[in-house]
Amino acid sequence: MRSMTNYLAIPLLSLLATGASSAEPSTAPATARYTQAASGSSLTFTFTQLGAATEGRFRQFATDLRYDEKNPAASSLKVSVQIASVDTQDSERDDAIAMPELFDAAKFPVATFVADSLTRTATGLEAPGKLTIRGVTREMRLPLSIKSTAAGLELSGQTAFKRLDFGIGQGEWQSTESVGDEVKVQYKVALVRAK
Amino acid sequence: MPLRNTTRSWGAVSKSLHWLIVLLIIGQWGIAQYAEDLPLLAKGPPLNLHKSIGMTILALAVIRLVWRLVNPVPSLQGLAKNWECRLAHFSHVMLYALLMAMPLTGWMMSSARNFPVSWFGQFQFPDLVSPSRTLYQRMNDLHETLFAVLVIVALLHVAGALKHHFFDRNEVLRRMLPFGGIK
């Protein structure tokens with residue numbers, strides 16, 4: 001039975017592969033696809049805890065960019081962040097961040113940002129898209145700049161959002177006495193051309 | 001009461017700093033006891049108060065040491081035996097050292113867990129060390145040990161003052177009392 005499956009699967013797969021490649025336009029597409037390089041990226045955030053600006057980061061996140069420098073509107077961006085990879089240099093606090101009253105990482109393990117285009121601004125670029133955290137989706141214009149590097153591209157920028165807009169803080173955690181509402185986010189992503 | 005010390009009595013600045021620090025330390029102990037068993041979220045504000053007061057004590061201790069260095073120190077000559085002077089001197093050195101070591105170890109505890117120290121939310125102090133769980137644990141233990149040492153030395157200090165007052169019937173205690181003084 002197993003040999004039978006293999007027998008069928010191989011020609012089927014090659015058929016699919018040929019089909020896919022023949023669907024590609026003969027000229028290079030205007031948008032080039034980039035994915036996050038294995039290293040060199042950072043996603044950090046700064047929040048106010050008990051009156052002190054405190055930094056943390058997400059260790060695992062993935063970025064997918066289709067980029068057309070001449071026509072930003074044809075570009076698109078997708079970022080997904082693994083909530084459980086949060087690192088505030090204190091394991092107790094990291095556990096607290098994952099609990100249901102805050103990010104509820106068990107139920108909402110991934111936060112995403114999706115934008116279907118980029119627009120030029122006075123200072124650089126902007127990605128008008130949707131930010132989804134803890135199951136709540138909000139429109140957001142993500143400021144960013146993109147520059148060429150030896151390995152590909154580097155996307156960077158910073159923004160801020162209010163955690164309570166996304167329900168990060170239920171019950172008594174809605175209080176902003178200990179943990180402020182505003183969270184600043186800084187991102188620097190090393191991108192390489194996808195094969 | 002003059003602001004500055006004389007060779008016979010403490011001035012208003014030294015007295016104020018002495019008693020203010022005493023009150024703050026007692027408060028610090030109370031706040032730490034209160035905060036210890038609170039749930040995670042409720043623990044924050046009292047611990048923050050503890051940290052802010054701790055930094056205040058550190059600053060006051062530095063001011064106090066500087067003030068002591070630029071002022072005459074009331075003498076124990078003729079009021080205490082040699083061994084008493086040596087013991088008193090030892091306990092004073094210990095108290096000054098503890099007044100600084102307690103806040104510094106607390107500050108390191110905060111830095112080691114990436115809970116930066118702010119002063120009543122008004123401004124933020126830089127981190128003293130990089131985050132490390134091991135270092136946090138060590139500083140936590142040290143903070144508690146130093147407090148035990150502080151209690152012992154402070155008791156010795158109080159015992160000495162009371163001995164001077166009730167047994168030797170001299171002015172050593174009276175000259176540090178808030179409104180006391182010597183004629």
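I began with burial in chain A: buried residues make up 24% of its 195 residues. I count a residue as buried if 20 or more other C-beta atoms, placed from the backbone, lie within 10 Å of its own.

The model is predicted, so local features need pLDDT of at least 70 and side-chain atom pairs pLDDT 80 or more, while totals for chains, interfaces and linings use all residues. Residues are numbered from 1 along each chain as its sequence is written, with chains lettered from A and ligands numbered from 1 in the order in which they are written.

Next I looked up the elements of chain A and found 2 helices and 12 strands. I took these as DSSP runs, helices being H or I of at least four residues and strands E of at least two, numbered from the N terminus. Their order from the N terminus is α-β-β-β-β-β-β-α-β-β-β-β-β-β.

I then turned to the contact between the chains, with contact meaning C-beta atoms, placed from the backbone, within 7 Å. Chain A gives 14 residues and chain B gives 14 residues. On the chain B side, helix H2 (residues 40-69) supplies the largest share, 5 residues.

Last, I checked helix H3 (residues 82-112) of chain B. H3(B) has 31 residues and spans 44 Å from first C-alpha to last, close to the expected 45 Å; the expected span is 1.5 Å times one less than the number of residues. Its buried residues include Leu99(B), Trp107(B) and Ala112(B). The buried residues of H3(B) pack against H1 (12-36), H2 and H4 (133-167) of chain B. Just after H3(B), I noted a positive phi of about 55° at Asn114(B).

Technical notes:
A residue is buried if 20 or more other C-beta atoms lie within 10 Å of its own, exposed if 12 or fewer, and partly exposed in between; C-beta atoms are placed from the backbone. Two residues are in contact if their C-beta atoms, placed from the backbone, lie within 7 Å.
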